[in-house]
Amino acid sequence: MTALRLLFRTHRWTITSWTVLLIGLAGGTVSAYQTTYPSPEQRRAATELAQRDTAATLLYGTLDDPGTPAQTFAWEIGAIVTILVAIMAVLLTISLTRAAEDNGTIELLRSAGTGPRTPLRTALAALTLVAATLALGCGLTVGLQSGREDGITGSGAAAFGGVVGLTFLLVAALTLVLAQVAPTTTDARLLGFATLGLAFAIRAVADTRHLDGLNWLSPLALRTDVRPFAHERWWALAAGLLVTLVLTALAATLAERREYGAGLLRRRDRHDDRLDVHSGVGLAARLSRRSVVTWTVAVAAIGTLFSAMGSGVVQQSRQGDVGGFLGSQIGAGDPVAGYFAYSGTVDGLAVCTFAVLCVLQVQSDETAGRVDQVLATGRRRWEPLAAQLAVAVGGSGVVLLVTGLLSAAVAPTVISGSDVAARAFGYTLGQWPAAVVMAGWTALLIGRWPRLSWLAWAPLLVGGTLALLGDLLGVPDRIENLGIFHHVPDFARSGADVRGLVALLVLAAGAGLLAVAGSLRRDVVAR
Amino acid sequence: MQDNLAVEVEHLVKRFGSFAAVDGLDLTVRTGEVHGFLGPNGAGKSTTIRVLLGLYRATAGRVRVLGLDPARQAAEITRRISYVPGEVNLWPNLTGQQVLDALGGLRGHRDLDAERRLVAEFALDPSKLVRTYSKGNRQKVILVAAFAARTELLVLDEPTSGLDPLMEELFRRCVREATAAGRTVLLSSHILAEAEALCESLTIIKDGRLVESGRLAEMRHLAASDVSARLSDGLRSAVVERLRSLGFSHPDPADDEIRLSVPRDQVPAVLGLLAEARAQDITCTPARLEDLFLRHYEVAAR
């Protein structure tokens with residue numbers, strides 16, 4: 001019990017912010033679906049189109065008949081929430097298990113007279129509690145709106161909450177198994193995300209090819225299996241729970257067979273490669289190499305997938321029939337431009353996450369004393385931060401360049417229209433200033449107010465919410481334009497307005513300079 | 001600034017909020033010597049060292065390292081310094097060799113032969129990833145980098161806390177070689193035997209303040225020796241009386257063994273008195289560094 005309290009105390013901020021974000025996202029968007037389509041005829045037409053559209057089906061699964069606001073909500077927001085909840089499950093599970101072994105907290109716990117199984121049990125108890133909170137929170141916030149929104153029922157809301165909570169627990173249990181196998185913490189996390197990618201792909205194939213049986217293999221398809229506000233197959237939840245229990249038991253068994261701090265798979269822990277670096281940038285680039293490659297592969301895969309799946313949406317949009325979340329994303333202008341602006345925003349969200357994480361690395365280097373080591377070789381005080389900032393900016397460019405080129409190569413083969421390749425490329429690379437501004441902002445916090453570095457995520461969260469949900473929630477344009485993702489013009493048209501992007505770059509440069517100046521004026525943080 | 005001083009600190013103050021980690025400290029390290037920097041946990045040793053390296057800015061006081069001010073010329077100073085922290089954290093995904101490459105590359109000059117020799121002497125496997133290293137092995141990597149670098153001043157902050165006795169012996173040899181080559185060493189340590197074996201002069205601090213500083217030989221001179229002896233029953237009270245007249249007030253007349261802490265200049269008189277009284281099992285132990293050290297610590301504990 002003490003161990004559990006300790007664990008919640010350590011991770012309270014992460015757990016709280018994820019939980020609030022997810023419950024807020026689920027509870028706050030329900031009403032938006034009521035107002036999207038004023039008349040039943042329009043709703044009917046939109047539902048049919050959404051059901052036929054491959055891209056929408058690939059992203060969210062199949063939309064149930066008759067397409068009530070509740071069903072459209074469970075379809076679109078349900079898909080987004082389950083993906084986010086799965087990401088949270090991977091991150092939290094790894095930080096409660098392998099990461100806690102690496103930093104020695106579990107060693108301390110085990111040496112304090114607790115049994116060898118206590119850490120795993122404590123982590124499981126914590127994950128279960130979080131799952132229950134998510135289920136209860138989502139179920140209640142949605143369920144409380146029954147009667148006001150069409151199709152929202154108590155049992156449907158309960159099923160929805162159950163799906164969210166169980167998706168979390170299922171992915172957590174799966175990650176727990178992977179955490180016993182993977183050689184290192186980083187590998188475990190990567191393996192977790194790769195599994196999520198696979199789960200998404202399986203669900204996408206199952207839904208687009210109508211292979212319903214396949215959906216039973218993907219934890220991200222639990223929502224499709226249960227179908228809240230439609231069939232509400234409760235036994236699917238029971239089946240999911242059973243699989244979770246089996247996975248947990250498997251993880252517990254595997255845990256007995258591995259060494260502390262290591263996985264069942266051996267890691268390659270020796271090689272004779274030399275290192276040829278002569279500057280802070282060289283070192284930062286070498287140390288960030290693996291993460292840049294990983295992010296490039298992931299973002300390029302997702303971005304290209306989005307580009308390739310745009311044909312249906314673009315077609316539909318030409319007929320003026322896309323509503324809801326996707327419709328709000330594409331807007332009323334040129335459908336091709338609208339679609340790529342949307343897929344570019346998704347690329348932008350991903351690459352900004354990379355930029356923030358990359359710059360934050362210099363802070364963990366500082367608290368660990370590695371910055372001391374660099375400075376003690378005669379380097380300038382500002383160099384470690386400036387070098388990491390440069391690598392984040394350059395790395396973001398690489399990620400977007402590869403994604404843009406790949407999208408530009410693939411998109412014209414599946415989407416008809418003018419300037420498809422140019423737009424696929426332009427809207428992707430156009431997010432680079434957003435990533436640069438995020439990197440600069442993060443560096444500014446670390447340089448001047450290192451204790452506030454968690455605020456680095458704020459513009460990303462706000463900007464992401466505005467970009468993805470702003471229209472759906474009826475946020476005015478002038479507020480929406482304060483977000484960082486809304487400034488990419490249509491480069492295919494002459495006289496494209498790049499003032500927004502220039503403003504972002506100027507802001508980023510200012511932040512970077514202030515960051516470097518700030519780091520000169522403060523002490524190097526020691527443990 | 002005198003040329004023969006590697007480190008010169010006057011009235012250094014370093015505050016964190018209202019807490020003064022270092023409070024008016026003086027520290028002088030002469031070029032070419034091994035200077036011990038001793039004090040209990042939290043005395044401010046590491047804080048002082050971080051000011052010397054320019055990692056912390058001094059709140060007040062005058063600091064010169066190799067003749068330069070670390071607040072303004074940190075990089076110029078650290079280029080000529082090797083630093084070994086007490087707790088070594090390195091890049092977990094690099095091998096030991098790659099860490100040496102990185103540190104050498106960043107410094108801009110390195111002595112590859114010395115590096116190879118030290119890697120072999122410290123029995124370090126440089127092709128293993130840092131994350132598989134124990135604390136001692138991580139420390140070896142940094143010690144190799146520090147001793148192999150062509151630097152004038154070595155700043156060692158409790159450098160042997162993870163080393164086994166064999167490696168400690170090697171460490172002492174490396175320090176002696178470094179001074180033989182004209183380098184200066186500032187050694188912060190807990191291990192008194194280490195400081196006693198290596199250091200020519202000492203600075204002892206407590207609660208961020210200077211307690212005692214000077215050459216080890218002179219400090220020993222000031223300290224008291226332990227004298228003990230066994231007295232036969234008949235003579236005991238007479239001896240105790242005469243000791244009282246010398247200023248030793250507390251020997252218990254009922255005990256057949258007496259123990260005294262005798263200032264160095266009174267040792268001959270006390271020993272003569274005991275010999276005259278035909279005392280048995282007379283021992284006289286000269287002051288060890290530990291006694292110097294503990295004397296200050298005991299005051300702190302009260």
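Modeller: What follows goes from confidence to fold and then to the contact between chains.

Modeller: This is a predicted model, in which local features need pLDDT of at least 70 and side-chain atom pairs count only at pLDDT 80 or more, while totals for chains, interfaces and linings use all residues. Residues are numbered from 1 along each chain as its sequence is written, and chains are lettered from A, with ligands numbered from 1, in the order in which they are written.

Colleague: Where in chain A is confidence lowest, and where is it highest?

Modeller: Where pLDDT is low, the predicted coordinates should not be read in detail. With pLDDT being the predictor's confidence in each residue, from 0 to 100, chain A has a mean of 89, and 95% of its residues reach 70 or more. Helix α16 (residues 324-330) of chain A is lowest, at a mean of 66, and helix α21 (residues 432-448) of chain A is highest, at 97.

Colleague: How many helices and strands does chain A have?

Modeller: Counting DSSP runs numbered from the N terminus (helices: H or I, at least four residues; strands: E, at least two), chain A has 24 helices and zero strands.

Colleague: How many residues does each chain give to the contact?

Modeller: Two residues are in contact if their C-beta atoms, placed from the backbone, lie within 7 Å; here chain A gives 28 residues and chain B gives 30 residues. On the side of chain A that touches chain B, the elements giving two or more residues are α14 (280-308) and α18 (370-375) of chain A, and α18(A) gives the most, with five residues.
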